[in-house]
Amino acid sequence: MELQPHQQHHIKLSEESLQKQTTTLNLGPTHPATHGVFQNIMEIDGERVLETVPTIGYIHRAFEKIAERRPYYQITPLTDRLNYCSAPINNMGWHMTIEKLLGLKLPKRVEYLRVIIMELSRIADHLVCNSVVAVDTGALSPFTYVFQHREKIYEIFEEICGSRLTTNIGRVGGFERNFTPASFSKLHSFMETFPKMMKEFEGLLNRNRVFMDRCIGAGPISAERALNYGFTGPNLRAAGVDYDVRVAMPYSSYEDFDFKIPVGTVGDVYDRYMVRNGEIWESYSIIQQAIEKIAKIEEEFPDQKNVFYAPEADRYHIPPKEDVYTKMEALIYHFKMVMGEIDAPAGEVYHSVEGGNGEVGYYLVSDGGRTPYRLHFRRPCFIYYQAYPEMVEGGLLSDAVITLSSLNVIAGELDA
Amino acid sequence: MALTNEIIQQRLTDKFGEQLTEWEQPYGLLTFRAPAEMNLKVMQFLFDDEQLRFRFLTDLTGVHFPERKGEELSVVYHLHNLFENIRLRIKIYVPVEKPDVYTATKLFSGANWMERETYDFFGINFVGHPNLIRILNVDEMDYFPMRKEYEMEDPTRRDKDDEMFGRG
């Protein structure tokens, strides 16, 4: 190709780059359309994505290494920072891993309270994801609607554990304190107002022609490929596989609840959106059932009202502060736990829970010391984000953006 | 008939005989050890066999045991049979001087990044991997940080030693 005069004099470009017919686009690591620290180096031909190479690790914080030096109760805050959109599920998953190692059985009331917390955070997680898909397709107002109710969920968390986003909620064996009457009244007010908002949100998007045209067929993945890539959670179910850890390997008494697993067919952005919406309604119904079950327990056994942890867990459960100041045993256990005097038994455990994005697993190797010998987090985002190039190559650049947001890749979980 | 740990163990023993060892069931999860060079053969059999059908790779990670001479590094696979809903765990051990393990990427596309992560942190060399480069750490790093010889904190620091807590 003959170089034009202006090309010859101003910028010294290599011969190949002038010959090249495609454009290299660096999307990220910080970009308004990526909602998190993701970098993709894309080769685009006009609007078509020919190739994309994701670079990850920008917020890697070495949690697995840090965990090898921390007593068990100090690892809970690390799990908060994996998927920070649904931190309580990670916290509960970690407590349950230790409970499995210790062989603890929790009272039903505590397990139902945990179910309420986990389903509330699943609703918060899916609300963020779905409203962000809407934002990326150009609809900003649904996002502002759902954030009011996400705020209400965070107020419930705040009432229970004192913090909102990175909750550090619960302890090994149960909760750090009982639910206050205020937390129940906040929960009831959320349950009253939520369906109206959710219907409005769905009314804005579900059968919206513009939204449907934008999402249907964008970033699809077949069930076979999704399984081969190790997809779990809503993204796998959108492809048509009804694998849900809550049903497959029930934990925390999920077997007592009656709920459906929504599934999609082709695994595109619209299916993922609809599966998440369906799950929000199922979570809502699970919370309702849990509230009823707790009320029934309290009616039958009034003394159960004050049960918020398993009594046999008292060597591992940090005692309530008022007990520490008034009871000798509580003071001793508190001291021993905080000073790292409590050893866990040796053993090897894998436990997983259904997180906001899929199977959150904890592979724990304990050599009997006060810290884990090795702790590995199975992070669903890390595993399914590697399918991203396959899902977007050949599609439009704008589809790549909504595919990323509909996969709900959370940078904290991706990089650990 | 529902698939149980005993049936899986029997089926694998029929196929591979004495080569699979250290059968355990910690917390109900069937666990065994395979020779390092046989990892792919075992996983391929578990994948293809019409009765076993372990076709989902749940997790793949490494563990470092510096005191086990000749088998310092371990690779742990968690496989899941989604039809019968049962998991199992395979462990293989390799020496730290020559940590060569065959890659599972041909069997499971999802193993790609999991193996890169395991390489990144433990230095396990997955033979045949299409793109075995660091994934979470910086490319310039010249050591494998999850190995036990790298301390979390300043190794000269004494204030967190056991004797400071009346334990030592």
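Helices (H or I, at least four residues) and strands (E, at least two) are DSSP runs, counted off from the N terminus. Keep that in mind for the views below, which show a predicted model.

**View 1. Chain B, element by element.** Starting at the N terminus, chain B goes α-β-β-α-β-β-β-β-α-β. Along the principal axes, the C-alpha atoms of chain B fill a box of roughly 60 × 40 × 25 Å. Chain B has 168 residues, and 38% of them are buried. Now look at its contacts with a separation of 6 or more: 50% come from residues 24 or more positions apart.

**View 2. A:A310, a loop residue.** You'll find A:A310 in chain A, in the loop between helix 13 (269-300) and helix 14 (321-326). Is A:A310 buried or exposed? A:A310 counts as buried because 20 other C-beta atoms sit within 10 Å, and 20 or more is what the label takes. Setting aside neighbours within four places in sequence, its contacts include A:L104, A:K105, A:L106 and A:P107, plus A:G173 and A:G174. Then there's A:N178: 132 residues away from A:A310 in sequence, but 12 Å away in space, C-alpha to C-alpha.

**View 3. A:S366, a strand residue.** Over in strand 5 of chain A (residues 359-366) is A:S366. This one is buried because it has 21 C-beta neighbours inside 10 Å. If you skip residues up to four places away in sequence, A:S366 touches A:L101, the run A:A344, A:P345, A:A346 and A:G347, and also A:P372 and A:Y373.

Technical notes
Residues are numbered from 1 along each chain as its sequence is written. Chains are lettered from A and ligands numbered from 1 in the order in which they are written. This is a predicted model: local features need pLDDT of at least 70, side-chain atom pairs count only at pLDDT 80 or more; totals for chains, interfaces and linings use all residues. A residue is buried if 20 or more other C-beta atoms lie within 10 Å of its own, exposed if 12 or fewer, and partly exposed in between; C-beta atoms are placed from the backbone. Two residues are in contact if their C-beta atoms, placed from the backbone, lie within 7 Å.
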